[in-house]
Every structure is written in C-alpha cells, then in structure tokens.
Amino acid sequence: MRGGTMWGVAIWAACLAGPALAQEKSAEEAAKGGSLAESARMAGEYAKLAGMQGVVVQQAEAITVALPPSLSKQMSAVIASVNRYHAAALKGTSRQGADFWGKRPVVVVFTERNQFASHVRRVEKRSFDPSERASIVVGEDQPVVGIWVETPNTRAGVPPSVEIQVSEKVAAAVLARAAGAKNPVPDWLPEAFGRATSFQAAGPNGRSYLAEIRRNAQLYTRSQQEPPWNAKQEGLQTQSAQAAFVYWVTYGPKAGKMADLAKQFVPEENQERVEFPQALQRAQLSGDQTLGSWRDWVAIWR
C-alpha cells in the first residue's frame, strides 16, 4: 500500500512539474537556436569581409564552421573531426565545454591567400604576415578562427587532410583560450598543441602525417642540444619536437601538466608577458631532468 501511495505521489508531482520543465527546456532550446543562428550569421559576415563570394555553414557540437563551396563535400568529415579535437583539447587542458566559451566560436576556412589576408586585416585589424596560416581570436566578444588551408599545390609534399588542418587550429584556439585571451603565449605553443592533439583525434587518415612528426622529433633530439622552445632554427624538425614536448605534457607520460602550464602565462605587475622558460618553472617542469626525461621518451616514441 505504501509503495503504491508513494508511486502515485511521484506521478502527481511529475505532472505538476511537467509544464515548468517543458517551459524551461523550451527556453533553453530557444537560446541555443538563437546562438546557432547568430554564429551562422557571423560566419557569413566574416566571409563577406574577406571577399568570399559564398560560404557553406554547418554546426559542430560547440563550433560553427564555414567552408568555401569548393570544400563543401568535405564538410561532414570536417565537422566530425572538429568535434573529436575540441573534446580532446578540452580534456587536455582540464576545461569544461559548457562554460568554456563566452560565445559560440566561428571558424572560417580559406583556400585563397588574398581572402585570408583580408580576414586578418579586417577582422583582427592588423597587418598580414605572408608566413602565417591562421588567425585566432579568443576574447569574450566573438571567438573567431580564420584558417588558410594547404593543398597539394601550396607546398612541397602532401599536406595533412583539410579536416586535420582545420581541427588542429580549433585545438590551438582552445589552448589560447585556456591560457587567457589577455595573456600572450609563444606563437609556437598553440600550433604545437594542435599537432599534439592530432595524436589523440586524427584517426586512420592521419597515420602518415603523425609518423612524419614522430620521425622529425626524433631527428631533432639526435642532432640538437637546445630544447625546442629555444631553437633558433625553424622547420619541420623543430615544429615536430615542439609538438612532441606538448604531447608529452598533455596526453603522454606527463598527462595533466598542460592544464597547469596553461595557467602560468599571467604576467606579474609591470611584466608584459611570461616567457616560456618562466612558465615551465612556475609549473615545476623546468630543469635538465625534465628535458632529459622528455628526450629519453622521444627516442622510443611509437
């Protein structure tokens, strides 16, 4: 009898709560719909500012992606990849998705150099450096990532797939946001974080690309004594070694340390920026022992 009475009360309470819950859910769905519509509108605005004639927009779980029509057939692969990378990057920096972004980020992909240059000048309002391939803004107003993707015609060899290129920049934006929009980090660090995240989320079509990064990182440690963040030379070996170090502290043997390291770039009073060696020291990752352990691991990295 008691069991039947309690069950009846529960049903009665649920009936009373039903309209309120439905109303709350409706409000949440309306807010989400408004956010999706606004981010799609902003994607179109960014594309127009860059001089693009048209753009294809689709929603990932937390990101709005805009591709030029020439890449529209790759949209489903890009969306699936962005979802994987975004989740992995949040986990790697110990952040929560729901509260992480102020507004829904917009990612605009370019295949034309002049359009990407226009994006940099008109959205970031700064001069364009011909060597750069991504523009990342992670402030509160509107997070936006512009990406000039490489194709087989834009560099020697075969570049990683479009979905990997786009997704690595999404991961890079996560790291920049985790460090703080007003806290400058070394230019190479978000890039290295994106490459490191590929080892978590790239999937089968990234095997040769990942093997190349491993191989170049191992070549670097055999020929260079300097830690990769102090390296004066540039190139694939240095970039790969940087990615290998970031992987080591984010997803590898020192997993979890990147979450702490990302917090160490807050400048002190009268300090413009925190240099990487100082951030390492703050996160208790500096010293010959740390560098030696990383080098030993790179040698057997598989």
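Modeller: Gladly; we will start with the sheet and then turn to the helices.

Modeller: This is a predicted model, so to speak of local features we need pLDDT of at least 70, while side-chain atom pairs count only at pLDDT 80 or more, and totals for chains, interfaces and linings use all residues. Residues are numbered from 1 along each chain as its sequence is written, and side-chain values use heavy atoms, with hydrogens and water left out.

Biologist: What is the order of the strands in the open sheet?

Modeller: Strands of a sheet pair through backbone hydrogen bonds, either parallel or antiparallel. Here the 5 strands run in the order β1-β2-β3-β5-β4, with mixed pairing. The edges are β1 and β4 (134-137), each pairing on one side only. On average, neighbouring strands are turned by 15 degrees against each other, direction ignored. As for terms, helices (H or I, at least four residues) and strands (E, at least two) are DSSP runs, numbered from the N terminus, and two strands pair if DSSP finds at least two bridges between them.

Biologist: In which sense does β2 pair with β1, and in which with β3?

Modeller: With β1 (residues 56-59), the pairing is antiparallel over 4 bridges, and a hairpin of 4 residues joins β1 to β2. With β3 (residues 106-110), β2 pairs in the parallel sense over 3 bridges.

Biologist: Which way do the side chains of β2 point?

Modeller: In a regular strand the side chains alternate between the two faces of the sheet. In β2 (residues 64-67), Thr 64 and Ala 66 point one way, Val 65 and Leu 67 the other, and all are buried. Buried is under 20% relative accessible area, exposed over 50%, and partly exposed in between (1.4 Å probe, protein chains only).

Biologist: How do α5 and α6 cross?

Modeller: Two packed helices are described by the angle between their axes and the distance between the axes. The axes of α5 (residues 162-179) and α6 (residues 188-201) come within 7 Å and cross at roughly 125 degrees. That makes α5 oblique to α6; angles under 35 degrees count as roughly parallel, over 145 as roughly antiparallel, 65 to 115 as roughly perpendicular and the rest as oblique. Axes are lines fitted to C-alpha atoms, for helices over the stretch in contact, with angles from 0 to 180 degrees between N-to-C directions. In α5, the residues that meet α6 include Ile 164, Ala 171 and Leu 175. Contact means heavy atoms within 4.5 Å.

Biologist: How many residues of α8 are buried?

Modeller: Helix α8 is mostly covered, with 12 of its 15 residues buried. Those buried residues pack against α2, α6, α7 (207-223), α9 (257-261), α10 (276-282) and α11 (288-299). Leaving aside residues up to four places away in sequence, Phe 245 touches Trp 229, Phe 276, Leu 280 and Trp 294. The C-alpha atoms of Phe 245 and Ala 192 are separated by 8.4 Å, although these residues lie 53 residues apart along the chain.
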